[in-house]
Amino acid sequence: MLPNRVTIVDVGPRDGLQNEKQTVSTAHKVELVHRLQAAGLREIEVTSFVSPKWVPQMADNAKVMSGLRRQANVRYSVLVPNMKGLEAALPTEPDEVVVFGAASEAFSQRNINCGIAESIERFRPVVAAAHDSNLKVRGAISCSLGCPYQGAVSPDEVERVVMLMKGIGVDHCGVADTIGVGTPKRVQAAMERALKHYPLHEVSGHFHDTYGQALANIYACLAMGIHTFDASIAGLGGCPYAKGATGNVATEDVVFMLNGLDVETGVDLDTLVDAGAFISEALGRPPVSRAGKALLAKRVP
Ligand code: HMG
Ligand code: MG
């Protein structure tokens, strides 16, 4: 039995664009969010409040947030690594914030410049202050299936961070395969550890598609009843601190698969494909999404 309905969090504007070397204008970023919401996405990760020295592409975070024409039924989230990030994010009125840790010490150091234990101490006041402002806090656990510096990562290492996040009150647990090395059975083993501490509706998968395993991994999660997944329009992205890692699974591909499984997403695939074509054109390359490319090709008379 698969879930009847899946919630897709489109992380394209954040995870997708953070890695772009070329300048992407604030207007294009805002337009991308508008196109995603027009396609029916109800959860959109818009930007991140991180150091502009580390991730220059997200330096216009507040401008993007203030440029949005918001829909009441859409939740707009932003990444915040520390109190400084949260303090900058709060005036822009996100609906939820995301703290991001890692299951591997080495990746934690490279990505956020501190070890796992210290990252949790940085997140602790962020979670408390976000809750004081009635914001939900999602937690992302990078490198849950493998690390570009450490190599293999065990389910025990994942569970350790799941428990640490839970201990500081993080509401939602996102299990992330930053470098896309996970395969279905190993993904299920990692997810089982998250599900020991969080309910089904507060566990999600975030699968980069570097090795082409993301859809298979999502299917493996669906079989466990997990019904929330991150995906990135046009398959954009990667992490600046995970060299060679490609984008997240393309939202178009996930919606195409779920349509075929009769699982509801609320997303209109044609409008979504247009959104993918829009941002790909702005970036000067074809969409990475296989379904996006195929559907665009079919439109040519
Ligand atoms: P740090 O250097 O350790 O921080 O960076 P610090 O507290 O020592 O401060 C150093 C300087 O940074 C100071 O400025 C601070 O004001 C400034 P200076 O006095 O030198 O001019 N600073 C900030 N500026 C803006 N916003 C902030 C902020 N904090 C400090 N929030 C920090 C620590 C986390 C900030 C840094 O390492 C950083 O920004 N890292 C970027 C991490 C990142 O964005 N990675 C990509 C997103 S995560 C991801 O993609 C994975 C995910 O998709 C899941 C998956 O796939 O795995 C979520
Ligand atoms: Mg990611």
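Student: Why does E87 count as exposed?

Tutor: Its relative accessibility is 52%, and exposed means over 50% relative accessible area (buried is under 20%, partly exposed in between, with a 1.4 Å probe and protein chains only). E87 is therefore on the exposed side of the limit. This is a predicted model, in which local features need pLDDT of at least 70 and side-chain atom pairs count only at pLDDT 80 or more, while totals for chains, interfaces and linings use all residues. Residues are numbered from 1 along each chain as its sequence is written, chains are lettered from A and ligands numbered from 1 in the order in which they are written, and side-chain values use heavy atoms, with hydrogens and water left out.

Student: Where is E87 found?

Tutor: Look at helix α4, residues 83–89. Helices here are DSSP runs of H or I with at least four residues, strands are runs of E with at least two, and both are numbered from the N terminus.

Student: How do you know that the rings of F107 and Y149 are stacked?

Tutor: A search of the whole structure turns up one aromatic pair. The ring centres of F107 and Y149 are 6.3 Å apart and their planes stand at 25 degrees, so the pair is stacked. For rings of Phe, Tyr and Trp (its six-membered ring), a pair needs centres within 6.5 Å; planes under 30 degrees apart are stacked, over 60 edge-to-face and the rest tilted. The pair links distant parts of the chain, with F107 in helix α5 (residues 105–112) and Y149 in the loop between β5 (136–142) and α7 (155–167), 42 residues apart.

Student: Why is α10 called roughly perpendicular to α12?

Tutor: Two packed helices are described by the angle between their axes and the distance between the axes. The axes of α10 (residues 251–260) and α12 (residues 290–299) come within 6 Å and cross at roughly 80 degrees. That makes α10 roughly perpendicular to α12: the class runs from 65 to 115 degrees, whereas under 35 is roughly parallel, over 145 roughly antiparallel and the rest oblique. The axes are lines fitted to C-alpha atoms, for helices over the stretch in contact, and angles run from 0 to 180 degrees between N-to-C directions.

Student: Which residues meet between α10 and α12?

Tutor: E252, D253 and F256 in α10 meet R290, A291 and G292 in α12, where contact means heavy atoms within 4.5 Å. By class, two are nonpolar, one is polar and three are charged. Ala, Val, Leu, Ile, Met, Phe, Trp, Tyr, Cys and Pro are nonpolar, Asp, Glu, Lys and Arg charged, and the others, Gly among them, polar.

Student: What makes α11 and α12 roughly perpendicular?

Tutor: Helix α11 (residues 269–283) packs on α12 at about 100 degrees, with the axes 10 Å apart. With that angle in the perpendicular range, α11 and α12 are therefore roughly perpendicular to each other. L269, D270, V273, D274 and A277 in α11 meet G292, L295, L296 and R299 in α12. Five of the contact residues are nonpolar, one is polar and three are charged.

Student: Why does D262 count as exposed, and where does D262 lie?

Tutor: Relative accessibility is 70% for D262, so this residue is exposed. D262 lies in the loop between α10 and α11, and its phi is near 60 degrees, a positive value in a residue other than glycine.

Student: Why is N113 called partly exposed?

Tutor: At 46% relative accessibility, N113 falls in the partly exposed class. N113 is in the loop between α5 and α6 (116–132), and has a positive phi of about 65 degrees although it is not a glycine.
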